[in-house]
Amino acid sequence: MKKLILFASALCMSVCAMAQSEFYVYKTDGSSVRYMIADVDSISFTVPTTGTENGHEWVDLGLSVKWATCNVGATKPEEYGDYYAWGETETKTNYNWSTYKWCSGSAETQTKYCTDSSYGTVDNKTVLELADDAARANWGGAWRMPTDAEWTELRENCTWTWTTKNGVNGYEVKSNINGNSIFLPAAGYRRYDDLIDAGNLGVSWSSSLNTGYPYGAWGVYFGSDSVYRNSYGRGYGRSVRPVL
(Lines give C-alpha, C1' and ligand atoms only; values in the text may rest on other atoms or scores of the structure.)
Protein backbone atom coordinates (compact mmCIF):
# COMPACT_ATOMS: atom_id res chain seq x y z
CA MET A 1 0.00 0.00 0.00
CA LYS A 2 2.86 2.37 0.84
CA LYS A 3 4.33 1.74 -2.60
CA LEU A 4 0.99 2.50 -4.25
CA ILE A 5 0.64 5.78 -2.37
CA LEU A 6 4.17 6.85 -3.26
CA PHE A 7 3.60 5.92 -6.89
CA ALA A 8 0.32 7.85 -7.08
CA SER A 9 1.88 10.87 -5.37
CA ALA A 10 4.82 10.89 -7.74
CA LEU A 11 2.51 10.62 -10.74
CA CYS A 12 0.35 13.46 -9.50
CA MET A 13 3.38 15.69 -8.96
CA SER A 14 4.70 14.97 -12.43
CA VAL A 15 1.36 15.78 -14.05
CA CYS A 16 0.82 18.97 -12.08
CA ALA A 17 4.31 20.25 -12.67
CA MET A 18 4.19 19.27 -16.35
CA ALA A 19 7.86 18.47 -15.93
CA GLN A 20 7.48 15.19 -17.77
CA SER A 21 5.23 13.83 -20.52
CA GLU A 22 5.63 10.18 -19.62
CA PHE A 23 5.99 7.83 -16.69
CA TYR A 24 7.18 4.28 -16.09
CA VAL A 25 5.73 1.34 -14.20
CA TYR A 26 8.43 -0.94 -12.83
CA LYS A 27 7.48 -4.59 -12.39
CA THR A 28 8.76 -7.05 -9.82
CA ASP A 29 10.60 -9.01 -12.52
CA GLY A 30 12.79 -5.97 -13.25
CA SER A 31 11.09 -4.94 -16.48
CA SER A 32 9.25 -1.66 -16.99
CA VAL A 33 6.42 -0.25 -19.09
CA ARG A 34 6.37 3.33 -20.39
CA TYR A 35 3.13 5.34 -20.60
CA MET A 36 2.52 8.75 -22.12
CA ILE A 37 0.64 10.94 -19.66
CA ALA A 38 -1.54 12.35 -22.43
CA ASP A 39 -2.78 8.81 -23.19
CA VAL A 40 -3.86 8.01 -19.63
CA ASP A 41 -7.47 8.68 -18.69
CA SER A 42 -7.37 7.42 -15.11
CA ILE A 43 -5.55 5.06 -12.78
CA SER A 44 -7.25 2.74 -10.29
CA PHE A 45 -5.93 0.16 -7.87
CA THR A 46 -8.06 -2.85 -6.95
CA VAL A 47 -7.61 -5.74 -4.54
CA PRO A 48 -9.08 -9.09 -5.68
CA THR A 49 -12.02 -10.32 -3.59
CA THR A 50 -11.90 -13.91 -4.84
CA GLY A 51 -9.10 -16.29 -5.64
CA THR A 52 -7.62 -19.73 -5.09
CA GLU A 53 -5.08 -21.17 -2.69
CA ASN A 54 -3.60 -24.55 -3.50
CA GLY A 55 -6.54 -25.33 -5.81
CA HIS A 56 -9.33 -24.26 -3.45
CA GLU A 57 -11.41 -21.11 -3.82
CA TRP A 58 -11.66 -18.30 -1.25
CA VAL A 59 -13.79 -15.17 -0.85
CA ASP A 60 -12.77 -11.93 0.85
CA LEU A 61 -15.63 -10.80 3.11
CA GLY A 62 -13.74 -7.75 4.36
CA LEU A 63 -12.84 -9.54 7.58
CA SER A 64 -9.52 -10.49 9.18
CA VAL A 65 -9.34 -13.75 7.19
CA LYS A 66 -10.51 -15.00 3.82
CA TRP A 67 -13.11 -17.78 3.89
CA ALA A 68 -13.21 -20.89 1.72
CA THR A 69 -16.23 -21.30 -0.57
CA CYS A 70 -16.87 -24.89 0.50
CA ASN A 71 -16.24 -27.40 3.28
CA VAL A 72 -13.29 -29.76 3.41
CA GLY A 73 -14.27 -32.80 1.34
CA ALA A 74 -16.63 -30.80 -0.91
CA THR A 75 -16.10 -29.38 -4.38
CA LYS A 76 -19.18 -27.15 -4.44
CA PRO A 77 -20.56 -24.75 -1.78
CA GLU A 78 -23.74 -26.77 -1.32
CA GLU A 79 -21.99 -30.13 -0.87
CA TYR A 80 -21.81 -31.34 2.73
CA GLY A 81 -18.19 -32.44 2.54
CA ASP A 82 -16.49 -34.64 5.13
CA TYR A 83 -16.82 -34.83 8.91
CA TYR A 84 -13.97 -34.78 11.40
CA ALA A 85 -13.54 -35.30 15.10
CA TRP A 86 -11.75 -32.30 16.60
CA GLY A 87 -8.00 -32.61 16.17
CA GLU A 88 -8.26 -35.51 13.74
CA THR A 89 -7.38 -35.19 10.07
CA GLU A 90 -8.98 -38.30 8.60
CA THR A 91 -12.60 -39.39 8.24
CA LYS A 92 -13.91 -42.61 9.76
CA THR A 93 -17.11 -44.64 9.98
CA ASN A 94 -17.74 -44.33 13.71
CA TYR A 95 -17.41 -41.17 15.78
CA ASN A 96 -17.33 -41.62 19.55
CA TRP A 97 -14.95 -41.50 22.50
CA SER A 98 -13.77 -45.07 21.96
CA THR A 99 -12.48 -44.17 18.48
CA TYR A 100 -11.21 -40.68 19.31
CA LYS A 101 -7.49 -40.17 18.76
CA TRP A 102 -6.83 -37.84 21.69
CA CYS A 103 -8.38 -39.72 24.62
CA SER A 104 -8.26 -43.11 26.28
CA GLY A 105 -11.85 -44.07 25.67
CA SER A 106 -13.85 -41.45 27.54
CA ALA A 107 -14.48 -37.71 27.84
CA GLU A 108 -12.50 -37.66 31.12
CA THR A 109 -9.30 -39.15 29.66
CA GLN A 110 -8.07 -36.55 27.17
CA THR A 111 -4.43 -37.16 26.22
CA LYS A 112 -3.79 -33.91 24.34
CA TYR A 113 -5.29 -30.41 24.47
CA CYS A 114 -6.34 -30.41 28.10
CA THR A 115 -6.44 -27.63 30.70
CA ASP A 116 -8.07 -29.47 33.61
CA SER A 117 -6.86 -32.68 35.26
CA SER A 118 -10.48 -33.73 35.78
CA TYR A 119 -10.62 -34.40 32.05
CA GLY A 120 -7.22 -35.92 31.36
CA THR A 121 -3.53 -35.12 31.08
CA VAL A 122 -2.94 -31.37 31.34
CA ASP A 123 -0.74 -29.84 28.65
CA ASN A 124 -2.49 -26.43 28.45
CA LYS A 125 -2.64 -26.54 24.66
CA THR A 126 -5.69 -24.51 23.66
CA VAL A 127 -5.46 -24.17 19.86
CA LEU A 128 -4.98 -27.01 17.40
CA GLU A 129 -1.47 -27.51 16.13
CA LEU A 130 -1.30 -27.50 12.33
CA ALA A 131 -0.44 -31.20 12.34
CA ASP A 132 -3.87 -31.81 13.90
CA ASP A 133 -5.74 -29.30 11.73
CA ALA A 134 -8.06 -31.01 9.22
CA ALA A 135 -8.01 -28.02 6.86
CA ARG A 136 -4.22 -27.86 6.65
CA ALA A 137 -3.82 -31.63 6.45
CA ASN A 138 -6.32 -32.07 3.63
CA TRP A 139 -6.00 -28.84 1.63
CA GLY A 140 -2.41 -27.85 2.30
CA GLY A 141 -1.12 -24.40 1.38
CA ALA A 142 -1.93 -21.77 4.00
CA TRP A 143 -5.38 -23.18 4.77
CA ARG A 144 -6.33 -23.79 8.39
CA MET A 145 -9.38 -24.11 10.60
CA PRO A 146 -10.88 -20.83 11.86
CA THR A 147 -10.46 -19.85 15.49
CA ASP A 148 -13.40 -19.25 17.79
CA ALA A 149 -12.78 -15.50 17.45
CA GLU A 150 -12.89 -15.73 13.64
CA TRP A 151 -16.24 -17.53 13.71
CA THR A 152 -17.51 -14.82 16.06
CA GLU A 153 -16.30 -12.16 13.62
CA LEU A 154 -18.20 -13.91 10.81
CA ARG A 155 -21.39 -14.11 12.87
CA GLU A 156 -21.26 -10.50 13.98
CA ASN A 157 -20.27 -8.85 10.69
CA CYS A 158 -22.48 -10.70 8.22
CA THR A 159 -26.18 -11.11 7.51
CA TRP A 160 -27.21 -14.76 7.77
CA THR A 161 -30.17 -15.75 5.58
CA TRP A 162 -31.62 -19.27 5.65
CA THR A 163 -32.07 -20.34 2.05
CA THR A 164 -31.73 -23.20 -0.44
CA LYS A 165 -28.89 -23.60 -2.92
CA ASN A 166 -29.37 -26.21 -5.64
CA GLY A 167 -31.84 -28.01 -3.41
CA VAL A 168 -29.67 -27.90 -0.27
CA ASN A 169 -30.71 -26.02 2.86
CA GLY A 170 -28.23 -23.72 4.52
CA TYR A 171 -27.22 -20.13 5.12
CA GLU A 172 -26.15 -17.42 2.74
CA VAL A 173 -23.64 -15.48 4.82
CA LYS A 174 -23.35 -12.00 3.31
CA SER A 175 -20.74 -9.52 4.45
CA ASN A 176 -22.04 -6.26 5.91
CA ILE A 177 -18.70 -4.74 4.88
CA ASN A 178 -18.31 -5.47 1.16
CA GLY A 179 -21.41 -7.44 0.15
CA ASN A 180 -19.57 -10.66 -0.75
CA SER A 181 -21.00 -13.93 0.50
CA ILE A 182 -20.43 -17.63 1.15
CA PHE A 183 -22.89 -20.51 1.55
CA LEU A 184 -22.84 -22.85 4.55
CA PRO A 185 -24.85 -26.05 3.98
CA ALA A 186 -26.89 -27.62 6.76
CA ALA A 187 -24.68 -30.70 6.76
CA GLY A 188 -25.73 -32.07 10.15
CA TYR A 189 -23.14 -33.97 12.18
CA ARG A 190 -21.92 -37.50 12.80
CA ARG A 191 -22.26 -39.39 16.06
CA TYR A 192 -21.36 -43.07 16.20
CA ASP A 193 -22.17 -44.26 12.65
CA ASP A 194 -25.17 -41.98 12.15
CA LEU A 195 -25.53 -38.76 10.16
CA ILE A 196 -27.84 -36.60 12.25
CA ASP A 197 -30.06 -33.67 11.20
CA ALA A 198 -28.56 -33.18 7.73
CA GLY A 199 -30.71 -30.61 5.94
CA ASN A 200 -31.92 -29.12 9.21
CA LEU A 201 -28.81 -27.81 10.94
CA GLY A 202 -25.09 -27.34 10.56
CA VAL A 203 -22.19 -27.46 13.00
CA SER A 204 -18.62 -26.53 12.12
CA TRP A 205 -15.49 -26.72 14.21
CA SER A 206 -13.16 -23.94 15.22
CA SER A 207 -9.56 -24.67 16.17
CA SER A 208 -10.18 -23.43 19.73
CA LEU A 209 -10.48 -25.65 22.79
CA ASN A 210 -13.20 -25.02 25.36
CA THR A 211 -10.75 -24.38 28.19
CA GLY A 212 -13.46 -24.57 30.86
CA TYR A 213 -14.57 -28.04 29.72
CA PRO A 214 -11.68 -29.36 27.63
CA TYR A 215 -13.51 -32.49 26.45
CA GLY A 216 -15.21 -30.00 24.11
CA ALA A 217 -14.16 -27.45 21.51
CA TRP A 218 -15.86 -24.34 20.19
CA GLY A 219 -17.66 -24.05 16.91
CA VAL A 220 -20.69 -22.56 15.23
CA TYR A 221 -24.19 -24.06 15.30
CA PHE A 222 -26.97 -23.03 12.97
CA GLY A 223 -30.54 -24.05 12.21
CA SER A 224 -33.28 -22.37 10.23
CA ASP A 225 -34.06 -19.90 13.02
CA SER A 226 -30.77 -19.44 14.90
CA VAL A 227 -27.01 -19.09 14.60
CA TYR A 228 -24.80 -19.20 17.67
CA ARG A 229 -21.51 -20.21 19.25
CA ASN A 230 -21.50 -23.57 20.94
CA SER A 231 -19.17 -26.19 22.39
CA TYR A 232 -19.28 -29.81 21.24
CA GLY A 233 -17.76 -33.07 22.37
CA ARG A 234 -14.44 -33.41 20.55
CA GLY A 235 -15.02 -37.04 19.60
CA TYR A 236 -17.93 -36.43 17.25
CA GLY A 237 -17.87 -35.57 13.57
CA ARG A 238 -18.44 -31.97 12.43
CA SER A 239 -17.85 -29.98 9.26
CA VAL A 240 -14.70 -27.96 8.65
CA ARG A 241 -14.78 -24.65 6.73
CA PRO A 242 -11.20 -23.44 6.15
CA VAL A 243 -9.80 -19.91 6.23
CA LEU A 244 -6.64 -18.14 5.11
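Over the ring of which residue does the charged end of Lys66 sit? The charged end of Lys66 lies over the ring of Trp58, at 5.2 Å from the ring centre. A charge is taken to sit over a ring if NZ of Lys or CZ of Arg is within 6 Å of the ring centre and within 35 degrees of the ring normal. The structure is a predicted model, in which local features need pLDDT of at least 70 and side-chain atom pairs count only at pLDDT 80 or more, while totals for chains, interfaces and linings use all residues. Residues are numbered from 1 along each chain as its sequence is written, and side-chain values use heavy atoms, with hydrogens and water left out.

Aromatic pairs were considered next. Rings of Phe, Tyr and Trp (its six-membered ring) pair if their centres lie within 6.5 Å; planes under 30 degrees apart count as stacked, over 60 as edge-to-face and the rest as tilted. The count by this rule is 16 aromatic pairs. The pair formed by Trp160 and Phe222 is tilted, because its ring centres are 6.4 Å apart and its planes stand at 55°. This pair links distant parts of the chain, as Trp160 belongs to strand S6 (residues 158-165) and Phe222 to strand S12 (residues 216-223), 62 residues apart. Helices (H or I, at least four residues) and strands (E, at least two) are DSSP runs, numbered from the N terminus. Both Trp160 and Phe222 are buried, where buried means under 20% relative accessible area, exposed over 50%, and partly exposed in between (1.4 Å probe, protein chains only).

An edge-to-face pair is formed by Trp205 and Tyr232, with 5.8 Å from centre to centre and 75° between the planes. Trp205 lies in strand S11 (residues 201-209) and Tyr232 in strand S13 (residues 226-233), so that this pair also joins distant parts of the chain, 27 residues apart. Trp205 is buried, with a relative accessible area of 0%, and Tyr232 is buried at 8%.

Side chains of opposite charge can pair when their charged atoms come close. With a salt bridge defined as a side-chain nitrogen of Lys or Arg within 4 Å of a carboxyl oxygen of Asp or Glu, the count is 7 salt bridges. Arg229 takes part in a salt bridge with Asp148, the closest N and O atoms being 2.8 Å apart. Asp148 in helix H3 (residues 148-156) and Arg229 in strand S13 are 81 residues apart, and their pair links distant parts of the chain. Asp148 is buried, with a relative accessible area of 12%, whereas Arg229 is partly exposed at 36%. Arg229 also lies over the face of Trp218, at 3.5 Å from the ring centre.

The nonpolar interior was examined last. A nonpolar core is a set of buried Ala, Val, Leu, Ile, Met, Phe, Trp, Tyr and Cys residues joined through side-chain atoms within 4.5 Å. The largest nonpolar core has 32 residues, of which Trp86, Tyr100, Met145, Trp205 and Val240 touch the most other members. Helix H2 (134-139) and S11 are the elements that give two or more residues to this core, and S11 gives the most, with 4 residues. A second, separate core of 17 residues includes Leu61, Cys158, Ile182 and Ala186.
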